[in-house]
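Here is a short briefing for a first look. Keep the sequence and the 3D view side by side as you read.

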Amino acid sequence: MLLEVRDLHVEFRTRDGVAKAVNGVNYGVDAGETLAVLGESGSGKSVTAQAVMGILDMPPGKITGGEILFQGKDLLKLKEEERRKVRGAEMAMIFQDALSSLNPVLSVGDQLGEMFTVHRGMSRKDARTKAIELMDRVRIPAAKERVRQFPHQFSGGMRQRIMIAMALALEPALIIADEPTTALDVTVQAQVMDLLAELQRELRMGLILITHDLGVVADVADRIAVMYAGRIVEQAPVHDIYKAPAHPYTKGLLESIPRLDQKGQELYAIKGLPPNLMNIPPGCAFNPRCPMAQDVCRTDVPPLHEVDDQRVSACHFWRECLNG
Ligand SMILES: Nc1ncnc2c1ncn2[C@@H]1O[C@H](COP(=O)(O)OP(=O)(O)OP(=O)(O)O)[C@@H](O)[C@H]1O
Ligand SMILES: [Mg+2]
């Protein structure tokens, strides 16, 4: 595995109490593979990603347990300086909002070029050539002219392409994309997503794709990890999950997709709300909302059961769920 997160725990200590945002996450991604991370708002998708990247807000955040193995090394044991090197060259993150991630007073060419002058010791002239190459690569038209422009002079979709270019600049082994297309128009979303997926395949990078869009997941992911209240509740190859979920929460998510062939039918949405992370219910955190919950679900935290060698589910009743 390129990246393996093992039993990761993250808390936020705030004035109101301790929010248990990540409660034993296990997931991994291989080179050349795309892992989609799904789950409702507040389930810990971004916090887990920030811990992997080493950009968690600490304090109030604190990693209270676990390992983050990247190319075999535990990142949590590295000194900050070594960590910074990994973050610069080996892994990169793409965020939802390019406008707030890019520097507004530097031209796009200078920002892209900096990756090469700072990290690779290139001359400004060579770095400029590289910047134009990258802009071509993410298919920004007229790269030679536009390299002098500033972020606000680009459309949302083009800005997102610039972020992808920044992330790809040093050819990292791992990219984490946290809802990279959420802020874009639907048509532009698909273009940007296709581009990202294509470059990921071409460069054989590992990609962790955090998204709410199950349509995107079906198109580009190899495996899915479903998060609930800071845990992985199911992880499996995409096709298996779409065929038959092994967790009632995954089932609820899938049934929330509008289907063109069932027009007029009411959209199933999972009833209730995600738990308060300062007061997660005992047993399975999903039990108050689960249509399959039994007494054991209200008392015993379900372990990650091995459904098969490719798949895990944190449900006491995964068999019933698979067959239902
Ligand atoms: N800086 C912070 N300070 C305090 N609590 C935080 C902070 N960042 C995150 N949290 C807590 O961690 C929880 C998980 O947040 P996270 O951003 O990982 O959710 P998410 O799954 O990415 O949701 P979304 O889909 O809305 O992006 C939040 O609900 C919040 O309680
Ligand atoms: Mg998030």
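In which loop is Leu304 found? Leu304 is in the loop between helix H12 (295-299) and strand E11 (305-308). This is a predicted model. The protein chain has 13 helices and twelve strands. Its radius of gyration is 21 Å, close to the 20 Å that the globule rule gives for 324 residues, so the chain is as compact as a globular protein of that length.

**The chain as a whole**

- Along the principal axes, the C-alpha atoms of the protein chain fill a box of roughly 70 × 50 × 40 Å.
- Buried residues make up 49% of the 324 in the protein chain.
- Take the contacts between residues at least 6 apart in sequence: 62% of them join residues at least 24 apart.
- The protein chain exposes about 16,000 Å². Carbon and sulfur atoms supply 50% of that area.
- There are 38 positive and 42 negative side chains in the protein chain. The centres of these two sets lie 4 Å apart.

**Leu304 and its surroundings**

- Leu304 has a relative accessibility of 30%, so it counts as partly exposed.
- Leaving out residues up to four places away in sequence, Leu304 touches Asn26, Ile232, Val312, Ser313 and Ala314.
- Gln235 is 69 residues from Leu304 in sequence. In space, their C-alpha atoms are 9.5 Å apart.

**Tyr27 in strand E2**

- Tyr27 sits in strand E2, which covers residues 17-29.
- Is Tyr27 buried or exposed? Tyr27 counts as buried, at 3% relative accessibility.
- Residues up to four places away in sequence are again left out of the contacts of Tyr27. Tyr27 then touches Leu3, Glu4, Val5, Leu35, Val37, Thr48, Ala49, Ile208, Ala225, Ile232 and Gln235.
- Tyr27 and Ala127 are 100 residues apart along the chain. Their C-alpha atoms are separated by 36 Å.

**Ala89 in helix H2**

- Ala89 belongs to helix H2, residues 80-90.
- With 22% relative accessibility, Ala89 counts as partly exposed.
- Which residues does Ala89 contact, leaving aside its neighbours within four places in sequence? They are Leu170, Glu171 and Pro172.
- Ala127 is 38 residues from Ala89 in sequence. The C-alpha to C-alpha distance of this pair is 16 Å.

**Cysteines**

- A disulfide is a covalent bond between the sulfur atoms of two cysteines.
- How many disulfides does a search of the whole structure find? It finds zero.
- For Cys284, the closest cysteine sulfur is that of Cys297. The two sulfurs are 6.3 Å apart, too far for a bond.
- Cys321 is in no disulfide either. Its nearest cysteine sulfur belongs to Cys315 and is 5.9 Å away.
- Cys284 counts as buried, at 13% relative accessibility. Cys321 is buried too, with a relative accessible area of 3%.

**Backbone points to check**

- Most residues other than glycine have a negative phi, and most peptide bonds are trans.
- Met58 and Pro59 are joined by a cis peptide bond, with omega about -15°.
- The bond from Pro59 to Pro60 is also cis, with omega near 5°.
- Where is Pro59 found? Pro59 is in the loop between helix H1 (45-53) and strand E4 (61-70). Pro60 lies in the loop between H1 and E4 as well.
- Arg204 is not a glycine, yet it has a positive phi of about 50°. Its place is in the loop between helix H8 (186-203) and strand E8 (206-210). Arg204 counts as exposed, at 52% relative accessibility.
- Ala229 is not a glycine either, and its phi is positive, about 45°. Ala229 is in the loop between strand E9 (223-228) and strand E10 (231-237). At 7% relative accessibility, Ala229 counts as buried.

Terms used
Residues numbered from 1 in each chain as written. Chains lettered and ligands numbered in written order. Predicted model: local features only at pLDDT ≥ 70, side-chain atom pairs only at ≥ 80, totals over all residues. Heavy atoms only, no water. Helix = DSSP H or I, 4+ residues; strand = E, 2+ residues; numbered from the N terminus. Rg over C-alpha atoms; globule rule 2.2 N^0.38 Å. Buried < 20%, exposed > 50% of the residue type's maximum accessible area, 1.4 Å probe, protein only. Contact = heavy atoms within 4.5 Å. Areas by Shrake-Rupley, 256 points an atom, 1.4 Å probe, with all protein chains shown as cover. Lys, Arg positive; Asp, Glu negative; His and termini not counted. Charge placed at Lys NZ, Arg CZ, Asp CG, Glu CD. Disulfide = S-S within 2.5 Å.
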